[in-house]
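Here's a quick briefing to read with the model open beside you. Take a look first, then work through the points by topic.

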Amino acid sequence: MLLPFEYLMPTRIVYGEGAIVGTGKEIKDLKGKKPILVTDQGVAALPFFESIKESLAGAGLEFEVYDTVSRDPDLSEIDELVALVKDRKCDSVIALGGGSVLCAGKGLAVTAPSGGSSRNLVGLHLVKEQPLPMIAIPTTAGSGSEVSDVIVLSDMESNRIVTIISHHCYPGLTILDPELLADLPPKQFSMSGVDALAHGMESLMTTRPNPISEGIAVYACATLIRELREASLTNEIEPKARCLIASSMTNMACGATGINFGHAMILPMTAHLKMPHGLAAGLLLPHVTAYNLPASRKRLAPLMQALGYDTELEPDLIVDELADLVTDLGFGAFELPEVDIATLKSMAEEVANSPITTGNVRKVESDHVLAIYKSVFVNTLKD
Ligand SMILES: [Fe+2]
């Protein structure tokens, strides 16, 4: 029997090579008169950043620039941005970057009209005001934040990753331009792409599936598994474009079903060990899938079929497929932090008690989590 479900995707998506030249016109169409362009130092140094500024100037727009977004921005950084926007009288937001930048831009867009701190909006459906008009332009194929109702931020006070979740958090428009990914270093491409794949896999291994999200996730996960090597490790634009679109799609899927076990394990790794989100996602993906497999064979069959497997004879090869992918992308050679067993145990408890894991297809106990953490940190584990 199908469970009741809801599917919402209000973000307009514009795809095209060179599509960012239309940014100025698009923000004007959204009634933005004086946008703030939000990005980080890495993106601000790239040639396409100038193209966006030219597009805004070409549309006759005055605009401000904030180009120092931190990785996993803190709530206080959002409040600083809100003060800047108020001071400079900006009325709209263009966020250009990876997941951290997009979340900073979305955090700004929902907090500015609220009249208070972003901290007041942390939680579920606490955003009451219409957000500032916003365009999200991803420069990685990964976070999916450009089509999501979730804003992920850091809270240094509690040393945790926190989320603002509301229908108001969807950007009005996202521009998907694969040319922005042309010079992304392979490591960065791999880490963000595997994060996108984890979003789709978790959506498939949920207790709350629905036919719309399953259809999207199967197509997008198959695309990412097939294309990520070439997209990350070569200069070919077509596989990069396919991964960019697939990364938005996997977030549309997990937006409807929720993320679960994998991301419950990623969050302590980013908060306590300061590891990049995508690095954690890639290291965990084969382990989490293997753990969930006994409860997921039927659910994963359409993905296996899309990849050309005989699901009668080869039902478990998805784990090998994922392990081979992350190995080929170089995850085995990426540097990991040293960690002691007490920290891993406390992280495992955090995961087992996380409300995120309730949506996982197989029940999660702290012993299972600890076993996976030990496998991931086998070479950097201290007593
Ligand atoms: Fe993620």
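Two strands count as paired if DSSP finds at least two bridges between them. Helices (H or I, at least four residues) and strands (E, at least two) are DSSP runs, numbered from the N terminus. What you're looking at is a predicted model, where local features need pLDDT of at least 70 and side-chain atom pairs count only at pLDDT 80 or more, while totals for chains, interfaces and linings use all residues. Residues are numbered from 1 along each chain as its sequence is written.

**The sheet**

- Let's start with the strands: six of them make an open sheet, in the order β1-β9-β6-β4-β2-β3, with parallel pairing.
- β1 (12-15) and β3 (64-66) sit at the edges with a single partner strand each, so one side of each has no neighbour in the sheet.
- From one strand to the next, the twist averages 20° (angles run from 0 to 180 degrees between N-to-C directions, and axes are lines fitted to C-alpha atoms, for helices over the stretch in contact).
- β1 runs parallel to β9 (residues 173-176), and four bridges join the two. Find Tyr15 and you'll see Leu176 of β9 opposite.
- Helix α5 (residues 99-111) packs on this sheet and touches β2 (35-38), β4 (92-97) and β6 (134-138). Its direction makes about 170° with that of β4. Contact here means that the C-beta atoms of two residues, placed from the backbone, lie within 7 Å.

**A closer look at β4**

- On one side, β4 pairs with β2 in the parallel sense over four bridges, and Pro35 has Ser92 as its bridge partner in β4.
- β4 is also joined to β6, running parallel, by five bridges. For Gly97, the bridge partner in β6 is Pro138.
- Is β4 buried or exposed? Six of its six residues are buried, so the rest of the structure largely encloses this strand. Buried means 20 or more other C-beta atoms within 10 Å of a residue's own, exposed means 12 or fewer, and partly exposed is in between, with C-beta atoms placed from the backbone.
- In a regular strand, side chains alternate between the two faces of the sheet. In β4, Ser92, Ile94 and Leu96 are buried on one side, and Val93, Ala95 and Gly97 are buried on the other.

**Helix α9**

- Ten of the 13 residues of α9 are buried, among them Phe261, His263 and Met269.
- The buried residues of α9 pack against β8 (160-165), α6 (186-204), α10 (277-292), α13 (341-352) and α14 (366-376).

**Helix pairs**

- α10 and α14 pack at about 145°, with their axes 10 Å apart. Residues making the contact include Leu283 and Tyr291 of α10 and Ile372 and Val376 of α14.
- The residues of that contact divide into six nonpolar, three polar and no charged. Ala, Val, Leu, Ile, Met, Phe, Trp, Tyr, Cys and Pro count as nonpolar, Asp, Glu, Lys and Arg as charged, and the others, Gly among them, as polar.
- α7 (residues 211-233) and α8 (residues 237-257) cross at roughly 150°, and their axes come within 8 Å. Their contact has 16 nonpolar, four polar and four charged residues.
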